[in-house]
Amino acid sequence: MKITLNRLNDDYLFECTNALGNKILLDNISESPGTKGVSPMETVLMAVAGCSGIDMVSILKKQRQELTGFSAEVEGERIQKDEAKPFKNILVKFFLQGNIDHAKAERAASLSFEKYCSVSKTLEPNVTVTYEVFVNGEKV
């Protein structure tokens with residue numbers, strides 16, 4: 001796996017490109033008003049949501065659940081550690097819509113974080129990643 005990073009302006013705007021040519025913009029949101037990209041730390045939260053989201057959708061499809069909507073919110077709590085501010089805790093909230101068995105939704109999330117999600121596994125043991133699952137507005 002390889003990405004390239006290129007600076008696009010005189011400040012902190014970078015374009016990252018993967019091997020397939022797909023791109024995201026990174027920026028320093030703490031120092032640049034009107035930024036055009038997301039911060040590197042925000043991409044970590046996005047990666048956790050995306051990785052576990054892919055896992056959950058895959059598992060629920062295999063279980064023949066009727067998933068009509070899927071979204072997530074991710075919050076990260078950071079701590080001061082020397083000059084850096086790494087994540088201490090990350091909470092992922094999944095919002096599923098459709099004819100979905102609550103136990104299967106919970107099991108899909110559990111399998112993702114305990115077994116499959118490479119991003120959250122990469123963050124262990126330094127970051128505590130937890131999750132909550134909501135099906136049709138009801139917490140599971």
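## Exercises on a sheet and its aromatic rings

Strand β4 is joined by 12 bridges to strand β5 (residues 87-99), and the two run antiparallel. This model is predicted, so local features need pLDDT of at least 70 and side-chain atom pairs count only at pLDDT 80 or more, while totals for chains, interfaces and linings use all residues. Residues are numbered from 1 along each chain as its sequence is written, and side-chain values use heavy atoms, with hydrogens and water left out.

**Exercise 1.** Find the order of the four strands in the open sheet, and name its edge strands.

*Solution.* Start with the terms: strands (E, at least two residues) and helices (H or I, at least four residues) are DSSP runs, numbered from the N terminus. Two strands pair if DSSP finds at least two bridges between them. With that rule, the order is β4-β5-β6-β7, and the pairing is mixed. The edge strands are β4 (66-78) and β7 (138-139), since each pairs on one side only. For a landmark, look at Glu-75, which stands opposite Leu-91 in β5.

**Exercise 2.** Which strands does helix α2 touch?

*Solution.* Take contact as heavy atoms within 4.5 Å. Helix α2 (residues 102-116) packs on the sheet and touches β5, β6 (128-135) and β7. Next, compare directions: axes are lines fitted to C-alpha atoms, for helices over the stretch in contact, and angles run from 0 to 180 degrees between N-to-C directions. The direction of α2 makes about 160° with that of β6.

**Exercise 3.** Classify the ring pair Phe-70 and Phe-94, then the pair Phe-113 and Tyr-131.

*Solution.* Rings of Phe, Tyr and Trp (its six-membered ring) pair if their centres lie within 6.5 Å; planes under 30 degrees apart count as stacked, over 60 as edge-to-face and the rest as tilted. This rule gives four aromatic pairs. The centres of Phe-70 and Phe-94 are 5.8 Å apart and their planes are at 45°, so this pair is tilted. It links strand β4 to strand β5, across 24 residues. For Phe-113 and Tyr-131, the centres are 5.2 Å apart and the planes at 5°, so this pair is stacked. Here Phe-113 lies in helix α2 and Tyr-131 in strand β6, 18 residues apart. Together, Phe-70, Phe-94, Phe-113 and Tyr-131 form one aromatic cluster.

**Exercise 4.** Is Phe-94 buried or exposed?

*Solution.* Buried means under 20% relative accessible area, exposed over 50%, and partly exposed in between (1.4 Å probe, protein chains only). Phe-94 has 0%, so Phe-94 is buried.
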